Amino acid sequence: MQTAAAVILAAGLLAPTAAAEEASSPTQRTARFAQPGSLSSPFGKGSFRFGVSSSATQIEDQNTHTDWYKWTQPVAEGGMGKSPAVGEGVDGYTLAIEDIELIAALKVDSYRFGIEWARIEPRRGQIDEQAIAHYNKVINALVARGIRPVVTIHHFANPVWVDNPEDVACANGPSDTNLCGLDHPQGGPLVVKAMADHSKLLAQRFGDRVRDWVTLNEPGVYMMFSHAFGAGPPGKANLPTHFDTKFAPAVRTYIDAHAAMYKAIKKVDPGASVGLTASVKQYEAVRDGKISTEPRDIAARDRFRRFFELNFLDSLRHGTFDADYDGTPDEQHPEWKNTLDWLGIQLYDRTGVTDPTTPGPTTLPVINVDVCGAPPCFPLKDPTYFIPDMGYESDPQGLYPVLKDFSRRYKGLPLLVSESGMATASGKRRAEFIVRALEQIQRARAEGVDVRGYYHWSLMDNFEWLGGYKPRFGLYAVDRTTMKRTPTEAVGVYAQIAGSRNLSPALRAEYGGSGPLTPEPGHAPASPPATTAGPAVTGRRDCPPTAGRTPRPALPSSAEAPVQRSPRMPR
C-alpha cells in the first residue's frame, strides 16, 4: 500500500572577453558563447553547445511495445489503465523527419533524443530492422543539417519483456516474456546484459555518426516511481516494505547497467563520449512554512539529497555503494569507477525538506523526511516563479548555485545542462526562462565552471508521464487533434541566441534579469494553489500534485501562426 508521500512524490565558457564584459555591467553587455565542441575531451573545455531535447516514449506514435503503453492503455483496450494514456504521443515517429525542420529553425547545433528500446527489440532477441532504418534516416537528416545527435538509450521506458507490469510478482521466474526486472536476483543480471547488448547494437549501427550517448536519464526519478512507490511501470512499491531485499538491490543493479552500457559502447567506439543525466534540485530545509536553520531539518535536507541524487552519482564517481543510505559506503565496486565522461544536469524545482517531529502518512520511509514543493510549506522566492501545472517553484536563477556545487563536488567532470525548461502556456514566459537560464550558465562559466552546453526541454509539447498531456513544456505547441506544431514566442528568441551565439543587451533587457516572470495566463501570481500537507512533486517527471487542487480548464491555443505541414503519413 502506498503512503500519501508516495503518491504525491511519484505523481517535476564564455569567451574571456565576455567574462570581463559581464563583470562590469551584467545586463548591458553582450554575453558571448563559444563554438560547440566535445562534451568530454579536454580539448572541449571552453566550448558550448546550444541544443534541444526530447524523449522517444513522450513523443512517438505506433509505440505499442513499451511498458508505458501497456501501463497507461485503457483497460477496455487491453491495457492496465493505471495513469493518463500515452496513446499516439504527438506523432513524433511518423513526423520525425519533418520535425527536424523545426529543430533547424531553432539554429541549434545539437539535438538530444531517444531511441526506443522497445521499438528496436519488441521481443527479446528479435531486432526490428525497419526501426533501425527509421532511426538511421533521422540521424542522417540531422547530420546533413549540421546538427549533432545525442542519443539517450534508457529514458524510463522498457520493452514489456524486461519487467512486465502485468506480472509484477514474476512467480515463475525469468523468461523471454518477463525477465522480472532490476530487483530480481536472477532476472536483474539478465536485464543488465540486455541493456548492455542493446547499447552495443546502437553503437554498432549508429556510432559512425553518433559520438555522444546518454546511458540513463534521471536514475533517481526512475527509481522513485518505478521501484520505490510503484506509481509507474513496472509498479513496484518496494521502498516502504522491501528496502533491503528489493529497492536497494534494484538501485545497485541499475548502476551495474550503466557501467555495462558504458563499457559496451566504448568497446565498439573507444572515442565515444558517454554520460548520464541527473535530476537535481534546489533543496531547502524548512519548518512551519519558513526556511529552517534547525540542525535536524538541515540534516533531513541532506539525507533526502543523498537518497534522491548523490548516492547513485557518488557510486559511479568513487566505485562504492552506500547500501543502507546512511552516508557511509558499505561496498567497493571498482568496476563502476571511471564510467562517466560527463554529467547532465537537469534542474526544475525547489524542494523543501523537513525532519518530521512525528513520522506520519506523508513521511518517506527509511530516510524519515517530509518533502514539499510550494506554499504553505515554504515561501516562494517570487510568486511568478510558481509553475501551476506542476505544483512547484522553478527559480530561473537556480542553475548558478547548482552548477557551482557540482563543479566543486566532482572536480574535473564536465557538466552539461541536458534539460532546462518550464511548463507554461506563455511563449514569453518560456523565453524569459531560457534567457535567464543562459545568464546563470554564463555566470558560472565566467567563474571557471566547465559547462559545455544548454539543451532546452522540450522541442515540442509531449506526454509528461504521470501528468499526461496537460503540462506544456514545448518550444512548439502541439494541437493533439491535428498534431499541428505552432511556434511559441520562445522559438524566435532561442533561434536568435543560438544563431548568433550571443545574448544581446536588447534580449537581456526584455527577457533577462532577476525580477518577476510574465505571469502564467489564467493564474493570479500572488496566490499559487495550496498543496496538501506533506510532500509535493519532486521533479518535472513526477506527477503534479492534484489533491486539494481545482482542475484547470484546457490551456488556450497559441495565437502565433502555425507551422505548415505536409499531409500526415498513413499508419
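Two rings of Phe, Tyr or Trp count as a pair if their centres lie within 6.5 Å. Keep that in mind for this predicted model.

**Exercise 1.** Find the residues that form one aromatic cluster, then work out how F156 and W465 are arranged.

*Solution.* Start with the cluster: W68, F156, Y222, F225, Y254, F312, F463, W465 and Y469 form it. Next, take F156 and W465, whose ring centres are 5.1 Å apart.

**Exercise 2.** Classify the ring pair F304 and F308.

*Solution.* The centres are 5.8 Å apart and the planes make 10 degrees; under 30 degrees counts as stacked, so that's what this pair is. Both residues lie in helix α11, 4 residues apart, or about one turn. F304 is buried at 0% relative accessible area, and F308 is buried at 4%.

**Exercise 3.** Which charged residues lie over the rings of W71 and Y469?

*Solution.* For W71, pick K82, which lies over the face at 5.8 Å from the ring centre. For Y469, go to R480: its charged end sits over the ring, 3.5 Å from the centre. Y469 is also one of the residues in the cluster from Exercise 1.

Notes: Residues are numbered from 1 along each chain as its sequence is written. This is a predicted model: local features need pLDDT of at least 70, side-chain atom pairs count only at pLDDT 80 or more; totals for chains, interfaces and linings use all residues. Side-chain values use heavy atoms; hydrogens and water are left out. Rings of Phe, Tyr and Trp (its six-membered ring) pair if their centres lie within 6.5 Å; planes under 30 degrees apart count as stacked, over 60 as edge-to-face and the rest as tilted. Helices (H or I, at least four residues) and strands (E, at least two) are DSSP runs, numbered from the N terminus. Buried means under 20% relative accessible area, exposed over 50%, partly exposed in between (1.4 Å probe, protein chains only). A charge sits over a ring if NZ of Lys or CZ of Arg is within 6 Å of the ring centre and within 35 degrees of the ring normal.
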